[in-house]
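Please walk through the pockets and the surface of this protein. Start with the view below.

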Amino acid sequence: MLKINNLGVKYGTVPALHDISMEVREGELVTLIGANGAGKSTMLKAISGLVSYQGQISFLGKSFDNCGARAVLMSGIAHCPEGRRVFPQLTVTENLLMGAYLRSDKPLIAKDITKFFERFPRLGERRTQAAGTLSGGEQQMLAIARAMMSRPKMILFDEPSLGLAPNLVEQTFRFIAEVKNQGTTVLMVEQNALAALELSDRAYLLSSGTMVQQGTSAEILANPKIREAYLGG
């Protein structure tokens with residue numbers, strides 16, 4: 001579904017990714033793991049058209065070729081960024097509408113908003129409240145729902161559990177599993193590598209901007225060197 005060949009990204013003259021090749025198959029949940037600064041978030045930004053790159057990225061057989069974020073979203077890829085990035089001055093409802101700004105099917109947009117208010121009752125209770133006044137957990141739920149409002153074929157999650165209380169982490173992972181089980185392909189970057197691997201089908205390990213390991217999540221979990229370095233032993 002998503003195919004990446006020889007991807008390279010630089011910030012100015014500083015290399016961030018080197019010669020990365022990987023793929024995500026339709027219906028999979030794939031996790032990128034690695035230390036801070038390994039290039040995981042940069043990978044998602046390149047896929048989303050938020051940074052320029054060298055190499056090739058294709059989705060459903062169509063090349064992106066640095067086409068920009070709008071074209072990527074129109075192709076069916078949504079991005080739920082690190083740090084939530086909600087629009088703080090807009091209401092909860094307005095943030096959800098922003099997630100659907102490329103859609104014109106107003107009755108279905110309204111239906112989707114109702115669905116997310118039912119799935120996340122706290123958002124429904126705060127539908128007219130400015131998003132910047134929500135708690136961190138509520139903002140994360142809003143960011144996820146906003147990304148899903150585009151009805152993507154594939155969604156990118158960047159550190160979805162970052163800064164959340166343990167009970168909210170569990171809730172977030174449950175919803176991501178629901179997203180995958182309902183047919184949306186998922187590529188996820190997650191600091192809680194153990195929980196992410198237990199949820200995912202396959203994984204890639206990045207180190208200093210280079211892909212150093214790949215395999216099924218079971219294979220990655222069984223690798224003693226990876227467990228020691230990235231999974232707490």
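Predicted model: local features only at pLDDT ≥ 70, side-chain atom pairs only at ≥ 80, totals over all residues.

Residues are numbered from 1 along each chain as its sequence is written, and side-chain values use heavy atoms, without hydrogens and water.

Begin with the largest pocket. Its volume is about 620 Å³. A pocket is an open set of points on a 1 Å grid where a 1.4 Å probe fits, with protein on both sides within 12 Å along at least five of seven lines; lining residues have an atom within 4 Å of a point. Of its 24 lining residues, Leu50, His79, Cys80, Pro81 and Arg146 are the closest to the centre. The lining divides into 13 nonpolar, five polar and six charged residues.

Now take the second largest pocket. Its volume is about 250 Å³. Among its lining residues are Asp112, Phe116, Phe175 and Glu178. Helix 4 gives the most to this lining, with four residues. Five lining residues are nonpolar, two polar and five charged.

Last comes the surface. Met74, Tyr101 and Leu102 make a nonpolar patch of about 310 Å². Patches join residues with over 30% relative accessible area and no salt bridge, nonpolar side chains within 5 Å and like charges within 9 Å. A salt bridge puts a side-chain nitrogen of Lys or Arg within 4 Å of a carboxyl oxygen of Asp or Glu. Accessible areas come from the Shrake-Rupley method with a 1.4 Å probe.

Notes. Points joined across faces, edges and corners; volume = space filled by probe spheres on them. Nonpolar A, V, L, I, M, F, W, Y, C, P; charged D, E, K, R; others polar. Helix = DSSP H or I, 4+ residues; strand = E, 2+ residues; numbered from the N terminus.
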